[in-house]
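The sequence and model come first.

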Amino acid sequence: MNAEVKWIDGFTFLGQSQSGHSVVMDGNGGEKAPSPMELVLMAAGGCSSVDVVDGLKSADQSVTACIAKVSSERRATAPKIFTHVNIHFEVSGHDLDKAIVEKVTADSLQKYCSVCLMLGEGIEMTHSWEILA
């Protein structure tokens with residue numbers, strides 16, 4: 001999986017995914033578009049929601065809606081990394097089994113959600129560069 005981020009102007013950047021999609025990012029704390037850190041939270045909410053909906057459907061639950069409300073706390077000084085992230089799932093459906101909802105939401109964060117597992121473990125970052133004429 002690859003991606004590219006191009007500087008547009010000021011603190012506005014355009015992220016382009018390998019699959020051909022684009023997203024604008026704002027390094028000014030979300031003045032014009034989501035900030036990169038906001039996108040990390042949305043990625044965690046999106047990735048875990050996929051697990052929850054899939055898990056409920058696999059358990060033959062009649063799920064009709066799933067909303068992940070993601071809240072976070074960050075360090076006050078740079079680097080302003082997340083110190084706590086909570087995902088609160090609001091799930092709707094017909095005759096949902098509470099035990100199954102509890103299990104699939106826990107399993108998402110503890111076993112399946114790639115984004116949440118990376119946030120929870122810390123990651124090694126590397127870089128490379130080149131000068132273009």
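## Positive phi in two loops

Asp 60 lies in the loop between helix 1 and strand 4; helices (H or I, at least four residues) and strands (E, at least two) are DSSP runs, numbered from the N terminus. The phi of Asp 60 is near 60 degrees, a positive value in a residue other than glycine, and its place is just after helix 1. With 70% relative accessibility, Asp 60 counts as exposed (buried means under 20% relative accessible area, exposed over 50%, partly exposed in between, with a 1.4 Å probe and protein chains only).

Asp 95, in the loop between strand 5 and helix 2, is not a glycine but has a positive phi of about 55 degrees. Asp 95 counts as exposed, at 78% relative accessibility.

## Basis of the model

This is a predicted model, in which local features need pLDDT of at least 70 and side-chain atom pairs count only at pLDDT 80 or more, while totals for chains, interfaces and linings use all residues. Residues are numbered from 1 along each chain as its sequence is written, and side-chain values use heavy atoms, with hydrogens and water left out.

## Helix 1 against helix 2

Two packed helices are described by the angle between their axes and the distance between the axes. Helix 1 (residues 36–58) and helix 2 (residues 98–112) have axes that come within 9 Å and cross at roughly 140 degrees. That angle makes helix 1 oblique to helix 2. Axes are lines fitted to C-alpha atoms, for helices over the stretch in contact, and angles run from 0 to 180 degrees between N-to-C directions. Angles under 35 degrees count as roughly parallel, over 145 as roughly antiparallel, 65 to 115 as roughly perpendicular and the rest as oblique.

On the helix 1 side, the contact (heavy atoms within 4.5 Å) is made by Ser 48, Asp 51, Val 52, Gly 55 and Leu 56. Helix 2 contributes Ile 100, Val 101, Val 104, Thr 105, Ser 108, Leu 109 and Tyr 112. Buried residues of helix 1 include Ser 48, Asp 51, Val 52, Gly 55 and Leu 56, and also Leu 41, Ala 44 and Gly 45.

## Length of helix 1

## Selected residues

Ser 49 is found in helix 1 and is buried, with a relative accessible area of 16%. Leaving aside neighbours within four places in sequence, Ser 49 is in contact with Cys 66, Ala 68 and Phe 89. Asp 107, in helix 2, counts as buried at 11% relative accessibility.

Lys 69 is in strand 4 (residues 62–74) and is partly exposed, with a relative accessible area of 44%. Apart from neighbours within four places in sequence, Lys 69 is in contact with Asn 86, Ile 87, His 88 and Glu 90. Lys 69 and Phe 89 are 20 residues apart in sequence and 6.2 Å apart in space, C-alpha to C-alpha.

## A cis peptide bond

Ala 78 and Pro 79 are joined by a cis peptide bond, with omega about -5 degrees. Pro 79 is in the loop between strand 4 and strand 5 (82–94).
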